[in-house]
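Here is a short report on one protein chain. It starts from a single residue and then turns to the whole chain.

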Amino acid sequence: MREVRLRFSKTGRCKYISHLDINRCMARAFSRAEIPLWFTEGFNPHPYMSFSLPLSLGVESLCESVDIRLIEEISNDEVKRRMNDALPPDIRIIDVYDDFRDCSEIAYSDYVFKIEFDDNKTALEKLKAVLAGDEILAEKKAKQGKRRVVKETNIKEFIDKYNISIRDNDIILNIRLEAGTKRNLNPTLLFDTLIRLIETDFEWKSISRIDLLDKNYNRFI
């Protein structure tokens with residue numbers, strides 16, 4: 001038995017597929033592609049699949065991964081070819097490899113936000129002011145006894161670095177956020193918070209996760 005990692009992208013319409021549906025999509029694609037997977041044992045056997053870091057709904061990604069176990073000899077190139085033939089066009093296998101690290105080593109995610117405002121110059125100055133502040137207070141729903149309440153959380157501490165500028169007709173925000181099992185900032189929470197704080201009409205274009213990094217800022221693969 002051999003364990004391999006498949007690195008894949010999820011773009012276009014498939015960014016609206018939930019993590020649970022991605023799990024189902026991959027399982028069906030492995031079946032159609034006749035990939036010899038190892039199945040769990042017990043009363044309800046299912047193919048072993050381990051995903052790196054679940055992605056928020058509506059966010060594109062170029063750096064998703066899923067680990068599988070192969071019970072028959074098949075080359076990594078053949079796994080990639082068969083899977084790309086079986087998957088929808090907006091999900092593509094980028095690479096398949098044997099040598100990889102544990103997902104617990106993920107510490108940061110790099111994102112690109114693309115937004116268009118009615119007045120990009122004014123919006124840019126407002127966003128710069130918010131991002132440069134000591135606090136960025138996000139509103140998160142929580143439970144207090146039987147009641148649902150809204151609590152404010154400072155998410156500025158989850159931002160490692162960023163760069164923001166106007167490019168063509170859009171504002172482009174390149175931002176590095178803490179990510180992983182212990183500390184993780186949802187990019188859609190950040191987006192919603194920024195829009196709420198600057199109170200400016202906008203047209204949302206896209207949020208894309210472009211890379212995962214370890215604590216030393218090395219690319220996670």
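Is L37 buried or exposed? L37 is buried, because its relative accessible area is 7%; buried means under 20% relative accessible area and exposed over 50%, with partly exposed in between (1.4 Å probe, protein chains only).

## Basis

This is a predicted model: local features need pLDDT of at least 70, side-chain atom pairs count only at pLDDT 80 or more, and totals for chains, interfaces and linings use all residues. Residues are numbered from 1 along each chain as its sequence is written, and side-chain values use heavy atoms, with hydrogens and water left out.

## Around L37

L37 sits in the loop between helix 1 (19-32) and strand 2 (50-51). Helices (H or I, at least four residues) and strands (E, at least two) are DSSP runs, numbered from the N terminus.

Neighbours within four places in sequence aside, L37 contacts F30, P47, I68, R69, L70 and I71. Contact means heavy atoms within 4.5 Å. N76 is 39 residues from L37 in sequence; their C-alpha atoms are 13 Å apart.

## The whole chain

The protein chain has four helices and ten strands. From the N terminus, their order is β-α-β-β-α-β-β-α-β-β-β-β-α-β. The C-alpha atoms fill a box of roughly 60 × 50 × 30 Å along the principal axes.

Of the 221 residues in the protein chain, 48% are buried. Take the contacts between residues at least 6 apart in sequence: 74% join residues at least 24 apart.
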